[in-house]
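Work through the exercises below with the sequence and the 3D structure in view. Each task is followed by a solution in steps.

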Amino acid sequence: MSTRKAALLRAIRGPIMLLTLGSLFAWDHSGGLAFTQSFPLLLIVYGVLKLLERTAVSAADPGGTE
Amino acid sequence: MRPRSMVGPLLLIGLGSLLLLHTLRPQPGLLAIFGRYWPFILIGWGLVRLLEIVYWRIRRFPLPAYGISGAEWTAIILICLAGSALHAVERYRPWDRLGAVASRRLELFGRSYEYTIAEQRLPAPTAARLLVENLRGTTRITGAETQEIRVSGRKTLRAVHDAEASQADRNTPVELSRDADRVVLRTNLDRVASDLAASAHIEVVVPRGTAVEVRSRNADLEASSLASLEFSSESGSARARNISGPVRFILGRAALISLVEATGPVEIAVRRGRDLEVEAVKGAVTLEGYYSGDLRLASLGGPLRFQNVQTTLKLQKLPGRIQMDLGDLTGVRLEGPVHFSSSRACDVQLDEFAQGAEISVDSGDIRLRPAPSALGPIHARTRSGDIELALPEQAAFQLRARTARGTIFNHFGPLLRETSEGERASVLTGGTTGHPMHLETMRGSITVRKDTVAPPSRSADRSPRQIEIGARKGTPRAQHHRVRYAHDGTVAGILISMRRRTSLPPPQPWANAGQRPPWL
Amino acid sequence: MNCPIHPDSPVVAYCRTCGQPLCTECRRIAAGTVYCQQHLPAIVPPSPSPPPSTFAAGSSPGLAFLLGLIPGVGAVYNGQYAKGIVHVVIFGLLISLTTSEAVRGFEPLFGMLIAIFYIYMPFEAYHTARRRRLGEVVDEFSSILPLRSHAGRFPAGPILLIALGLLFLLHNLELLRIERLLRYWPVLLIGLGVYMLYCRLSGYRKPGAKSEEHQDVNP
């Protein structure tokens, strides 16, 4: 089951990154934080998604070292 | 087998309806819409893909390896680049600048229309207060020997056809009304859509001694001879002179702020500014915010406070002048105690300052020459950079200078004692009475030299001055220069380096003031 | 972990398309990539994201190397358009960073980074072209982010990304100065040591599990 969860997490990574990117630009244009300032959020979101994927893969793999 | 994605068809439908809308009602302009709302394409795209994937997962279709393929990312990056470029064009319209001429506009959509604002007059109450609301354009307010308030000017807007333009002109009347001792002037530009880019350039003549408040969104202000002035705007420039009362500017982005001759107190708060010039103010001056260009301050009779997250500058009085940009602070004739601290790199050079100074920079050179008549305690600290302190020969002081890695140059001879501390650190101490002088650098040399008392005319010759070298593109910056003194205190030569942050530039002997530089 | 279909055999790989755990019996290999029976490319071509590269016999590694000297073009020649754009953007960012005020004092470092990246691009294109000529399916993002998720290993990549993101965000919001933080750089060494220690210790505890992990899926 968790393997499928990992596959889902991997598949939604792209769309969520795209959503974040769009939101940051929209925020920039509406006079909020400039994109050049808020871009690290992209890194954070990417890292969180990878981390979730890792945890899902580990949970699917009880023989793993975690 | 997985069904195919719906993003492509949806994008096509969206594009089709937009083009259809454009043929039916061409007013806003396609590129303008795209430049403004393109991030929502990305948001929608991501949302559709996300929902699709969740749906596929619920229906137990196989999931793709990547939610968004490489080809799609290519398209997204291209959309980002095009959208950012168009947005930049939209935002930095040249017609928002001070005194922009209509013919120099960047015309993208529609035509430009210009209307004259009919002159209006209103007898002014005594000690009048005037409130001006002009969202876009320029506002020029002049105090004169008159008993009435007079308004004239012109209005520009862009539209696709004549009927639309004249309709927009009728919708934005300039209103001048009086309510007790308060006069309100409105240009009503908010009544038409912002796509028309309506802007009003108004000239107002008021009696001297009028208190004026101007509210704008994107406008420039020129004001002179008023009793007090308050200006708030999201972006714009402000020039004011001869204000016999408090001045308050609250701006988002400001290309230029200039204030000459004011009684004060002056309060200028800017989120992001470029150049600032404040001169001849009698009262207190408070400055807040970031300035990417030059700050020029001169002849301030009251205390000065400049503050943002990185930099703080405080002093009691400024008979001389200060010039400051992102990497330099140069000051002549300050009355302190001067307090300057910056968490970024900054070269500091202060001449003839009174009552001591406390300087702390992250890195950069510090050069201090206190006024011999009013010495005070001096604390100077830099993490990486040279420190040079020039003291009168007969001055009483207690010195402690320490460099963790660097050389010490002592021109006071046996009066001061140099000791080494650890492997690399050197300490120079000396003196028992007088003001404490603490100098500290982690990496760099420390020079303590004699500042011989010279007649005022020669003193003026000796003070380092700004040297312009040719014309430079962009914001003019102070050249990084360094004055080398001979042992008797006269100028031996001036080094000018074009590169910033070079600790020891190759010497370019540019001028020698009467003396022959030692390397010639 | 064992195969869901053959409970006796251990999992040695995962399907590239659906992530299904596979044992040696269930594993199907097509063009150097592991699939499950259901997703063998010959039977079900993945529709919205087809692998952009075809088995182009005409892809010449030498030409790819030469074209790779122009930023982005080498990847485009290999049919990796997204990678080409990413290369151009990275190259441009490096150059504009080097000339901006933000890297005051670090210009030589960034200059070297530009040089390394410029040399990296043609070699990357050369190797990709060679793999394509050998008939391997080349992933669109091959070698841009080589961080593959290995189950059970300490998730160093993601945590590093999150930490870097937080650091830059705090810097941009002016809550923290990176320059100030740089003097604590030896902490990184300590962190690396702790991480290596962690790897060794967990390796001792489960020696069998590690050897399975290394026969992982995607090339």
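## Exercise 1: Aromatic pairs between chains

A:Phe25 and B:Trp38 are both buried. The model is a predicted one.

Task: describe the ring pair of A:Phe25 and B:Trp38, and state where each residue lies.

Solution. 
- Step 1. A pair of aromatic rings is described by the distance of the centres and the angle of the planes.
- Step 2. Over all chains, the count of aromatic pairs is twelve.
- Step 3. In the pair of A:Phe25 and B:Trp38, the centres are 4.6 Å apart and the planes make an angle of 55°. An angle over 60 degrees would count as edge-to-face and one under 30 degrees as stacked, so the pair is tilted.
- Step 4. The pair crosses between chains: A:Phe25 belongs to helix α2 (residues 13–29) of chain A, and B:Trp38 to helix α2 (residues 30–58) of chain B.

Solution. 
- Step 1. Buried residues fall under 20% relative accessible area and exposed ones over 50%.

## Exercise 2: Chain B as a whole

Task: summarise chain B by its helices and strands, its burial, its contacts and its surface.

Solution. 
- Step 1. Chain B contains five helices and 32 strands.
- Step 2. It has 520 residues, and 50% of them count as buried.
- Step 3. Among the contacts in chain B with a separation of 6 or more, 45% are between residues 24 or more positions apart.
- Step 4. The accessible surface of chain B is about 24700 Å², and carbon and sulfur atoms account for 54% of this surface.

## Exercise 3: Charged side chains in chain B

Solution. 
- Step 1. Side chains of opposite charge can pair when their charged atoms come close. The whole structure has 27 salt bridges over all chains.
- Step 2. B:Glu145 is in the loop between β3 (136–144) and β4 (148–159), and B:Arg208 is in the loop between β7 (199–207) and β8 (211–215), 63 residues apart. B:Glu145 counts as exposed because its relative accessibility is 69%, whereas B:Arg208, with 45%, is partly exposed.
- Step 3. B:Glu388 lies in strand β24 (residues 387–391) and B:Arg367 in strand β22 (residues 366–370), 21 residues apart. Both B:Glu388 and B:Arg367 are buried.
- Step 4. B:Glu440 is partly exposed at 26%, and B:Arg381 is partly exposed at 35%.
- Step 5. Salt bridges with shared partners also join B:Glu133, B:Arg186, B:Glu213 and B:Arg215 into one network.

Task: which ring lies under the charged end of B:Lys450?

Solution. The charged end of B:Lys450 sits over the ring of B:Phe412, 5.9 Å from the ring centre.

## Exercise 4: The nonpolar patch on chain C

Task: which helix gives the most to the nonpolar patch?

Solution. 
- Step 1. The patch covers about 620 Å² and is made by C:Leu63, C:Leu66, C:Leu69, C:Ile70, C:Tyr118, C:Ile119 and C:Phe123.
- Step 2. Helices α1 (61–68) and α4 (107–133) of chain C supply at least two residues each.
- Step 3. With three residues, α4(C) gives the most.
- Step 4. C:Phe123 lies in α4 of chain C. Its relative accessible area is 43%, so C:Phe123 is partly exposed.
- Step 5. C:Tyr118, one of the patch residues, is also linked by ring pairs into a cluster with C:Phe91, C:Phe117 and C:Tyr120.

Methods
Residues are numbered from 1 along each chain as its sequence is written. Chains are lettered from A and ligands numbered from 1 in the order in which they are written. This is a predicted model: local features need pLDDT of at least 70, side-chain atom pairs count only at pLDDT 80 or more; totals for chains, interfaces and linings use all residues. Side-chain values use heavy atoms; hydrogens and water are left out. Helices (H or I, at least four residues) and strands (E, at least two) are DSSP runs, numbered from the N terminus. Buried means under 20% relative accessible area, exposed over 50%, partly exposed in between (1.4 Å probe, protein chains only). Contact means heavy atoms within 4.5 Å. Accessible areas come from the Shrake-Rupley method with a 1.4 Å probe; for residues, only the protein chains shown count as cover. Patches are made of residues with over 30% relative accessible area and no salt bridge: like charges are joined within 9 Å, nonpolar side chains (Val, Leu, Ile, Met, Phe, Trp, Tyr) within 5 Å. A salt bridge is a side-chain nitrogen of Lys or Arg within 4 Å of a carboxyl oxygen of Asp or Glu. Rings of Phe, Tyr and Trp (its six-membered ring) pair if their centres lie within 6.5 Å; planes under 30 degrees apart count as stacked, over 60 as edge-to-face and the rest as tilted. A charge sits over a ring if NZ of Lys or CZ of Arg is within 6 Å of the ring centre and within 35 degrees of the ring normal.
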